[in-house]
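Please look over the sequence and the structure below. A short report follows.

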Protein chains: 2
Amino acid sequence: MKRPLSSWILVAIIVILSAALIGTLLFVKNQPAQVRGVPALVVIAALEPDSSQWGLNFPNEYSTFLLTEKNNVRTAYGGSEPFPHLEDDPHLKILFAGMAFSKEYNEDRGHVNSLYDVRNTDRVNEKTPGTCYSCKSSDNPRLWGEMGMAEYDKTPFADLGQQINNPIGCANCHDANTMRLVVTNPALEEALAAQGKDWKTFTRQEMRTVVCANCHVEYYFAGDGKYLTFPWTKGTTVDQIDAYYDEVGFKDWEYPDTATPMIKMQHPEYEMYTADSTHYLAGVACADCHMPYTRDGAAKFSTHDVKSPLVNPAPACGACHTDVNYATSRVTVIQQAVADTMSATEDALVDAIEAIKAAADPKADQALLAEARTLHRKAQLRWDFVAAENSMGFHNPEEALRILAAATDMARQAQVKALKAVGQVAGN
Amino acid sequence: MKRPLSSWILVAIIVILSAALIGTLLFVKNQPAQVRGVPALVVIAALEPDSSQWGLNFPNEYSTFLLTEKNNVRTAYGGSEPFPHLEDDPHLKILFAGMAFSKEYNEDRGHVNSLYDVRNTDRVNEKTPGTCYSCKSSDNPRLWGEMGMAEYDKTPFADLGQQINNPIGCANCHDANTMRLVVTNPALEEALAAQGKDWKTFTRQEMRTVVCANCHVEYYFAGDGKYLTFPWTKGTTVDQIDAYYDEVGFKDWEYPDTATPMIKMQHPEYEMYTADSTHYLAGVACADCHMPYTRDGAAKFSTHDVKSPLVNPAPACGACHTDVNYATSRVTVIQQAVADTMSATEDALVDAIEAIKAAADPKADQALLAEARTLHRKAQLRWDFVAAENSMGFHNPEEALRILAAATDMARQAQVKALKAVGQVAGN
């Protein structure tokens with residue numbers, strides 16, 4: 001039986017439609033996941049360092065991220081205005097004598113300024129290793145992948161800089177294909193692994209804290225290769241970090257005249273916050289307060305204008321605390337107590353340093369003097385754990401005050417030992 | 001027109017009913033207020049010292065109050081089991097050398113035991129003034145009214161005891177006629193008035209904290225009349241209390257061998273809690289945690305089994321905190337930090353005392369030695385403000401740790417000054 005022409009036309013239409021459907025489905029299947037979402041406009045390449053590319057798909061996140069360039073406000077004890085700490089607190093030139101922080105120590109500005117600022121600080125010179133770029137650029141995930149971290153770290157700062165063009169950006173915390181939060185810094189991955197932790201098993205809320213630890217941690221440069229290392233194998237409290245540095249015999253610099261091996265602490269926000277702080281134990285992540293959910297018209301998103309919650313307390317504190325004024329008044333009371341206590345610790349450290357210097361006498365009791373120097377190192381390490389930590393104690397008030405009390409005690413004991421070291425010469 | 005008999009009967013009934021109604025209304029009007037309520041059974045006389053009388057009207061409150069006799073449980077750092085602090089912490093015999101607390105210092109038991117326990121402590125002797133009964137008996141409001149506080153205080157303890165038969169009870173905090181909370185201790189009323197405060201204007205929630213200050217405060221016995229006085233005219237923080245004692249030149253005792261004028265702190269719970277603690281600023285009263293609302297069948301009442309909330313966290317913490325385990329775990333973390341820091345302060349105080357004793361040399365620099373003694377006094381006063389306060393810092397964690405840090409610093413500075421006082425003799 002011969003089919004009429006109209007039947008053949010129908011079959012042809014069916015075949016064409018089926019082919020079109022299969023082709024479309026295959027195309028969609030091969031697209032990155034986020035393109036399937038409503039706002040998808042472009043495909044973002046894996047490890048794409050240029051945040052403006054990501055911004056095409058995520059305009060709210062990107063436009064708030066850009067605010068970190070100019071929107072730098074000073075708070076009572078920090079914020080992101082680059083005020084000079086050395087002028088604010090004359091103790092610091094004494095405490096950091098003999099190392100770079102006594103030359104320049106300005107408050108950090110927002111994320112977008114990271115590359116410009118690291119290249120324009122007086123702390124960088126011809127000996128600076130590439131490691132110093134580790135927290136400054138969204139080119140890092142790509143470079144770590146291409147070079148390996150060991151090679152990256154041992155490349156001189158000036159040479160490595162040729163391959164670095166972007167400040168901190170999207171690629172430092174996000175997977176380009178899925179947008180999920182990822183640990184990109186190999187030093188963090190290694191430090192977690194050394195504690196038996198695999199970040200790939202973390203919950204989303206845990207990731208909203210741990211990605212900040214890509215940078216907001218204490219670290220040091222291990223060995224001649226200046227290998228970026230987090231001192232976490234014994235744990236992440238200040239006492240465990242102190243024990244680690246003692247065990248590996250590390251020093252950041254030697255204190256002038258006293259030859260005390262010293263440790264400089266770097267912004268240990270992650271360690272301070274996770275040391276059983278009240279907010280951490282309540283399940284609050286860094287991003288909850290520093291990148292609170294924000295509305296722009298119908299859109300709800302995490303602001304990427306990362307900064308002090310005190311600049312923006314209504315969304316930052318108000319998501320949990322019904323009385324925002326009460327919450328911020330608590331911050332004021334707590335930070336005042338920590339600042340006063342920290343100032344007393346600095347007085348004690350300066351007195352200890354003076355006493356140890358005054359005991360520089362070959363006839364002094366050398367064993368007591370050695371104890372005094374060790375106490376100075378441990379006291380200053382603890383003080384700096386609180387001082388370098390960006391919250392004036394608020395991330396963990398009890399821990400900060402506990403540490404400062406111990407630091408003052410150790411500094412005053414160092415002073416006592418130094419006095420006794422000389423006093424015994426005179427027969428006391 | 002003559003009325004029929006039935007009319008006269010009706011008129012008589014109306015007259016009788018009216019008279020009965022007026023009589024009843026007059027009777028009710030003259031009754032104490034609480035008798036008008038449902039459970040009223042007896043009229044409680046004004047200032048009635050016998051709590052069992054009050055208990056006839058308020059059986060739930062009274063029966064829970066009676067639990068304070070036997071229901072004495074030890075917590076991690078306190079509670080109400082009378083364990084001996086002197087055995088628990090060997091530092092204390094040194095710190096309290098030369099005064100009664102080095103003889104006996106047991107943890108207090110519950111309210112019902114107050115009278116028995118004050119009469120059976122080794123700290124009481126023939127010189128003990130009547131003032132020591134001020135916080136121990138529900139006979140006090142009556143006696144203060146009859147004798148006046150000045151006369152009460154100067155009566156010898158043994159003599160005054162003849163008129164005292166009841167432990168702490170209802171009359172210490174309640175008005176018998178209206179049951180409202182009242183300040184009964186004249187010393188508290190005077191101390192508040194000196195700060196321009198009139199407790200009669202306080203809200204009910206404020207009263208639920210301030211009645212505890214009838215007793216749970218720092219106090220001293222002023223002058224030969226041993227007049228009960230709260231050192232609050234400059235304010236109620238430890239620094240303001242220190243300044244007050246300096247100004248009036250008071251000492252509780254003289255430290256043996258060093259002749260340092262010392263202050264013994266007494267349970268300053270009210271002062272610690274109201275120094276901008278997080279719970280206080282959030283509007284929480286003492287009674288919210290220590291006398292939480294409790295159910296017994298259909299009745300809801302404030303338990304009068306006053307004790308550590310840690311013994312009863314479900315109603316104590318759970319009224320506000322949905323996760324009671326989280327809340328109590330915070331207490332553990334905070335108290336551990338305070339206990340560790342306090343122990344370091346005690347080490348520093350003992351070292352200071354030893355150094356000052358060792359400097360007892362007429363050739364020592366007497367000005368430096370005097371500074372050392374002053375620093376010892378101020379350090380120990382601060383330590384004791386936290387140590388004698390019944391919460392191991394939890395009533396105000398930041399304030400407790402701030403104070404301990406300052407105390408350690410002062411104690412170590414006392415040690416330094418004492419060392420220098422001798423060292424300078426030898427030419428250093």
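Predicted model: local features only at pLDDT ≥ 70, side-chain atom pairs only at ≥ 80, totals over all residues.

Is A:Gln380 buried or exposed? A:Gln380 is buried, because its relative accessible area is 0% and the cut-off for burial is under 20%.

Which residues does A:Gln380 touch, beyond those up to four places away in sequence? They are A:Leu95, A:Phe96, A:Trp253, A:Met262, A:Leu349 and A:Ile353.

## H17 against H18 in chain B

In chain B, helix H17 runs over residues 324–358 and helix H18 over residues 366–387. They pack at an angle of about 155 degrees. Their axes are 10 Å apart. Angles over 145 degrees count as roughly antiparallel, so H17(B) is roughly antiparallel to H18(B). The crossing of H17(B) and H18(B) is left-handed.

The H17(B) side of the contact consists of B:Val338, B:Met342, B:Thr345, B:Glu346, B:Leu349, B:Ile353 and B:Ile356. On the H18(B) side they meet B:Leu369, B:Ala372, B:Arg373, B:His376, B:Ala379, B:Gln380, B:Trp383, B:Val386 and B:Ala387. By class, the contact of H17(B) with H18(B) has 11 nonpolar, 3 polar and 2 charged residues.

## H17 against H19 in chain A

Now the packing of H17 in chain A. Helix H17 (residues 324–358) of chain A packs on helix H19 (residues 397–423) of chain A at about 20 degrees. The axes of these two helices are 8 Å apart. Angles under 35 degrees count as roughly parallel, so H17(A) and H19(A) are roughly parallel. Their crossing is left-handed. The residues in the contact of H17(A) with H19(A) divide into 18 nonpolar, 4 polar and 3 charged.

## Across the two chains

H17(A) also packs on H19(B). The axes of H17(A) and H19(B) come within 10 Å and cross at roughly 15 degrees. H17(A) and H19(B) are therefore roughly parallel to each other. The crossing of H17(A) and H19(B) is left-handed.

Which residues of H17(A) meet H19(B)? They are A:Arg330, A:Ile334, A:Ala337, A:Thr341, A:Ala344 and A:Ala348. From H19(B) come B:Glu398, B:Arg402, B:Ala405 and B:Asp409. The contact of H17(A) with H19(B) divides into 5 nonpolar, 1 polar and 4 charged residues.

## Symmetry of the pair

Chain B superposes on chain A by a rotation of 180 degrees with 0.0 Å of shift along the axis. The RMSD is 0.1 Å. The two copies are thus related as by a two-fold rotation axis. The same surface serves both copies, since 100% of the contact residues of chain B recur in chain A.

Which residue of chain B comes closest to the rotation axis? That residue is B:Ala405, with its C-alpha at 2.1 Å from the axis. B:Ala405 is also one of the H19(B) residues that meet H17(A).

## Another residue of H19

B:Glu399 lies in helix H19 (residues 397–423) of chain B. B:Glu399 counts as buried because its relative accessible area is 12%, and burial means under 20%. Leaving aside neighbours within four places in sequence, B:Glu399 is in contact with B:Met272 and B:Ala275. B:Glu399 and B:Ala171 are 228 residues apart in sequence and 33 Å apart in space, C-alpha to C-alpha.

A:Asn140 lies in helix H7 (residues 140–147) of chain A. A:Asn140 is buried, with a relative accessible area of 0%. Its contacts, leaving aside neighbours within four places in sequence, are A:Tyr133, A:Ser134, A:Cys135, A:Tyr152 and A:Ile164.

In chain B, B:Tyr152 lies in helix H8 (residues 149–154). B:Tyr152 counts as buried, at 0% relative accessibility. Beyond neighbours within four places in sequence, B:Tyr152 is in contact with residues including B:Asn140, B:Tyr133, B:Ser134, B:Trp144 and B:Ile164. B:Tyr152 and B:Thr258 are 106 residues apart in sequence and 35 Å apart in space, C-alpha to C-alpha.

## Chain A overall

Chain A has 19 helices and 6 strands. Its C-alpha atoms fill a box of roughly 125 × 50 × 40 Å, taken along the principal axes. Of the 428 residues of chain A, 49% count as buried. Among contacts in chain A with a separation of 6 or more, 67% join residues 24 or more positions apart.

How values were computed. Residues numbered from 1 in each chain as written. Chains lettered and ligands numbered in written order. Heavy atoms only, no water. Least-squares fit on C-alpha atoms with pLDDT ≥ 70 in both. Contact = heavy atoms within 4.5 Å. Buried < 20%, exposed > 50% of the residue type's maximum accessible area, 1.4 Å probe, protein only. Axes fitted to C-alpha atoms, helices over the stretch in contact; angles between N-to-C directions. Helix = DSSP H or I, 4+ residues; strand = E, 2+ residues; numbered from the N terminus. Parallel < 35°, antiparallel > 145°, perpendicular 65-115°, else oblique. Left-handed = near helix turned anticlockwise from the far one by under 90°. Nonpolar A, V, L, I, M, F, W, Y, C, P; charged D, E, K, R; others polar.
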